[in-house]
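Dear colleague,

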Amino acid sequence: MRAPATSPTRTAPGGLPLIGHGLRLARDPLPFISSLRDHGPVVRIHIGPTPAYVVTDPALTRKVLVTDAAHYAKGGRIIDALRVFFGDGLATIADGDAHLRNRRLMQPMFNKAHIADRGDAMIEQVAATVGAWPEGQPRAVYDDMNEVTLAAFLVALFGADLPEHLAGEFTALMPEIMKGTIRQTILPPWATRLPLPVNRAHAQRVARLRALVDQAIDHRVSRPAGPPADAGAAAAETGCPHAAAAREQRTGLFDTLLTAEESLSRRQLQDEAITLLTGAIETTGTTLAWTLYEITRHPRVEQRLREELATVCADRPLTYGDLDRLPYARRVLREAIRKYGPAWLVTRTATRDLDLGGHHVPEGADVVWSPYLHQHDPDVFADPDAFDPDRWTPENVSATRGSFLAFGDGRRKCIGENFAWAELQIILATILRTWPSFRLTSRAPRPQAVVTVKPDRMTMEFHRQASPARHASDTRPRTATAPDPGTKPSPSAG
């Protein structure tokens, strides 16, 4: 059989001796990765002296993730660096039997029924966290979104009765651990192994995180799930249907792994808990921060969100069952995810010499795909730098199929997508209901491409009195001039 003809693979312009395109990736990663679309469906770049192949055609990205996924293994230098922190969690474990087993064990954690059982407990936690913000004081929104996201996820993961001191230490520890992990993905491997104070501090924090996860697991194992003693026993004896619901609220998603017939080792449980915690904070918190920013810029979007909430909830508290009745909120969040990532660069490793759309990819090469690049393709998303939730109306959404890849695709698709949507909607709705008015108090934030596309700086004030009505005559959100996405970010993995 004749081998398929291959097309010459263009090398992106602007590479420098020794460092290749590393300077471009560090200085202006988002414009650089988007510019590769102009050089072909597969483009070669150099990260240092090492070549990598960037896929700019969504159809070829689907081959990498779905059709030919067996030949593109989860890996690459960035994944190897993250594995030091995550261990062999679901996001970093190599393809094979172990990945398939762990995914099968974890899948029930994230089905809609399990999430719904914990929905109202999450709403209560989010309301308490958001309601405690002092009025009228500038707040670091990105930090706040990470904190409220973590608080909600801890309730969902370990149950509503997680001891307060454990929840508090998780909240204090995770931001510093994320900074250290990002640093380790940027530096060469030899630098992260040096006995430097910063490396030792990161190792100590990771060890402490594992100890906290152990304590949370021990708490779940030693304390049977159930409602409070003063009410639950009597309710159960009388057959009250609310007793079972109370028990579910007090259990956590992690109980699914703890009670699985095919049990995981303690180290594997730690790895999966750390993977889940990190994924929940970084991506969800980033999306919410950008969503609030876009709401402050688009009065009509804010008005429609508040009108939808008022129609669904009136004067009663939000419930989990309300989420499916908030389609406009879902579209707003989806548009924030499209515009800002949240992941921007993801890697795979070719397991053998491959033909990718007529382009030769050698065995062992890094293959790169970018959700950000696909989600800013002007051939799919008209005026891609504009914030327009109406891209996602039922009549428009079919045109974008295959180019919205924020949760990945194929067998490595994000297992927590259903949970992410629920948590995003709960937090956004709770902020809007708790705070009738909020405004940006910092300059417009600049996107930084690190692990996610995060804002470099964003502060807001929140007020309990509605502000005077802003001009909202336009039915379509105005187009924004995209801020400069610079300031020394580095490529990361998903």
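This is a predicted model: local features need pLDDT of at least 70, side-chain atom pairs count only at pLDDT 80 or more; totals for chains, interfaces and linings use all residues.

Residues are numbered from 1 along each chain as its sequence is written, and side-chain values use heavy atoms, with hydrogens and water left out.

To begin with the helices (DSSP runs of H or I with at least four residues, numbered from the N terminus, as are strands, which are runs of E with at least two), H6 (residues 112–131) packs against H19 (residues 417–434) at an angle of about 30°, and their axes lie 9 Å apart. That angle makes H6 roughly parallel to H19, a term used for angles under 35 degrees between N-to-C directions on a scale from 0 to 180. The contact between them (heavy atoms within 4.5 Å) involves Ile 115, Gly 119 and Met 122 among the residues of H6, and Phe 419, Ala 422 and Ile 426 among those of H19. By class, 11 of the residues in this contact are nonpolar, 5 are polar and 2 are charged; here Ala, Val, Leu, Ile, Met, Phe, Trp, Tyr, Cys and Pro count as nonpolar, Asp, Glu, Lys and Arg as charged, and the others, including Gly, as polar.

Turning to the strands, which are said to pair if DSSP finds at least two bridges between them, S13 (residues 459–463) has 4 of its 5 residues buried (under 20% relative accessible area, with a 1.4 Å probe and protein chains only), so S13 is largely enclosed by the rest of the structure. S13 pairs in the antiparallel sense with S5 (residues 139–140) over 2 bridges, where Arg 139 has Met 460 as its bridge partner. S13 also pairs in the antiparallel sense with S10 (residues 437–440), over 4 bridges, and there Arg 439 stands opposite Glu 461.

Elsewhere, 6 strands form an open sheet of mixed pairing, in the order S1-S2-S3-S9-S6-S4, with S1 and S4 as the edge strands, each pairing on one side only. Within this sheet, S3 (residues 50–55) and S9 (residues 366–369) run parallel and are joined by 4 bridges, with Val 55 standing opposite Trp 369.

Val 55 is also one of the residues that His 374 touches, others including Asp 57, Phe 381 and Leu 405. His 374 belongs to helix H17 (residues 371–375) and counts as buried, at 1% relative accessibility.

With best wishes

Definitions and conventions: Angles under 35 degrees count as roughly parallel, over 145 as roughly antiparallel, 65 to 115 as roughly perpendicular and the rest as oblique. Buried means under 20% relative accessible area, exposed over 50%, partly exposed in between (1.4 Å probe, protein chains only). Lists of a residue's contacts leave out its neighbours within four places in sequence.
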